[in-house]
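Visitor: Please take me through the model shown here, and give me the cut-off behind each term as we come to it.

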Amino acid sequence: MAATMIKSDLVFILEQIKIAEAHAAGTPLFGPGGLVPAYNISAGLRTVDGNLNHRLPGQVTWGAADQLFPTLMYPTFRPAGAVLNFGPAGSTAPTYAPTNLPAFNPNNPNPAALVVDPSLRTISNLIVDQTLGNPAAILTALTRAGSTTQMADLAAVTAIYQTFKPASDAEYQARVLAQNERAQANALGNGDPLTPPTSEEQLAIDEAVAAEAAHAVTVANLNTAREVRDAGV
């Protein structure tokens with residue numbers, strides 16, 4: 001979704017950048033001689049490590065990296081998956097093995113009390129991936145379209161996509177190769193079409209022509225795949 005800005009928006013953004021630059025250069029963000037006049041004023045940019053999200057004394061690390069969130073109850077971390085095990089001495093390849101993880105004691109931290117995500121960023125990647133390669137995106141689209149047989153429709157859409165995608169990938173790869181070969185051939189020439197090409201330039205021209213012919217084949221295959229895809233939809 002496009003955002004529309006006016007001059008005052010850009011001026012405000014620039015002010016925040018200048019505050020962040022001055023803070024990075026050593027000027028205090030808050031307090032005597034600070035860049036922000038009051039602790040509860042939102043100004044500047046977020047620091048990389050998250051420090052100074054809260055500017056009150058004793059709270060400057062709240063929300064920062066490597067900091068535990070304040071809790072209202074005693075925390076107990078239970079096993080969430082496999083942990084990295086480097087195996088016996090001399091082993092080179094790490095392996096993953098399940099383990100029973102002890103409860104975390106804030107008064108006696110245990111380095112072994114780790115919560116490991118065995119499928120890191122899976123949820124984030126599924127949210128970001130809005131292509132037909134993501135079943136979750138397809139199901140959402142089918143639901144919003146009013147489908148009453150989402151699972152059956154999902155299987156049909158997936159089958160069509162898996163048939164179409166190789167042709168699309170092949171066309172893209174052939175197009176990039178053809179463009180690169182033509183650019184290399186053009187770089188070897190002097191721009192004068194009346195000047196006979198050197199042997200090196202002629203070889204590059206021949207390779208470009210062959211790559212462009214191969215790309216034309218993938219374009220024809222892609223058009224056929226599009227017809228099959230559209231007929232299935």
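**A loop, its neighbouring helices and the charged pairs**

Guide: Ser147 lies in the loop between helix H3 (135–144) and helix H4 (150–188). Helices (DSSP runs of H or I, at least four residues) and strands (runs of E, at least two) are numbered from the N terminus. Residues are numbered from 1 along each chain as its sequence is written, and the model is predicted, so that local features need pLDDT of at least 70, side-chain atom pairs count only at pLDDT 80 or more, and totals for chains, interfaces and linings use all residues. Side-chain values use heavy atoms, with hydrogens and water left out.

Visitor: Is Ser147 buried or exposed?

Guide: The classes rest on relative accessible area with a 1.4 Å probe and protein chains only: buried is under 20%, exposed is over 50%, and partly exposed is in between. Because the relative accessible area of Ser147 is 16%, this residue is classed as buried.

Visitor: Which residue has its backbone nitrogen 3.3 Å from a polar atom of the Ser147 side chain?

Guide: A polar contact is a pair of N or O atoms within 3.5 Å; within protein, one must be able to donate a hydrogen and the other to accept it, and residues adjacent in sequence count only if both atoms are side-chain atoms. Leaving aside residues up to four places away in sequence, Ser147 touches Leu142 and Asp153, where contact means heavy atoms within 4.5 Å. The backbone nitrogen that lies 3.3 Å from a polar atom of the Ser147 side chain belongs to Thr149.

Visitor: Which helix do the buried residues of H3 pack against?

Guide: In H3, the buried residues are Ala137, Ile138 and Leu142. They cover an arc of only 135 degrees around the axis (taken from the directions from the helix axis to the C-beta atoms), which puts them on the same side of H3. The helix that these buried residues pack against is H4.

Visitor: Which residue caps the N-terminal end of H3?

Guide: At this end of H3, a side-chain oxygen of the capping residue lies 3.0 Å from the backbone nitrogen of Ala136. H3 is followed by Gly146, whose phi is positive, near 90 degrees. The residue that caps the N-terminal end is Asn134.

Visitor: How far apart are the closest N and O atoms of Lys165 and Asp169?

Guide: A salt bridge is a side-chain nitrogen of Lys or Arg within 4 Å of a carboxyl oxygen of Asp or Glu, and by this rule the count comes to 4. Lys165 and Asp169 both lie in helix H4, 4 residues apart, about one turn of the helix. Lys165 is partly exposed at 32% relative accessible area, and Asp169 is likewise partly exposed at 31%. Between these two residues, which form a salt bridge, the closest N and O atoms are apart by 2.8 Å.

Visitor: Which residue forms a salt bridge with Arg182?

Guide: The closest N and O atoms of this pair are 2.9 Å apart in the salt bridge between Arg182 and Glu212. The pair links distant parts of the chain, with Arg182 in helix H4 and its partner 30 residues apart in helix H5 (residues 199–232). Arg182 counts as partly exposed at 25% relative accessibility, as does, at 33%, Glu212.
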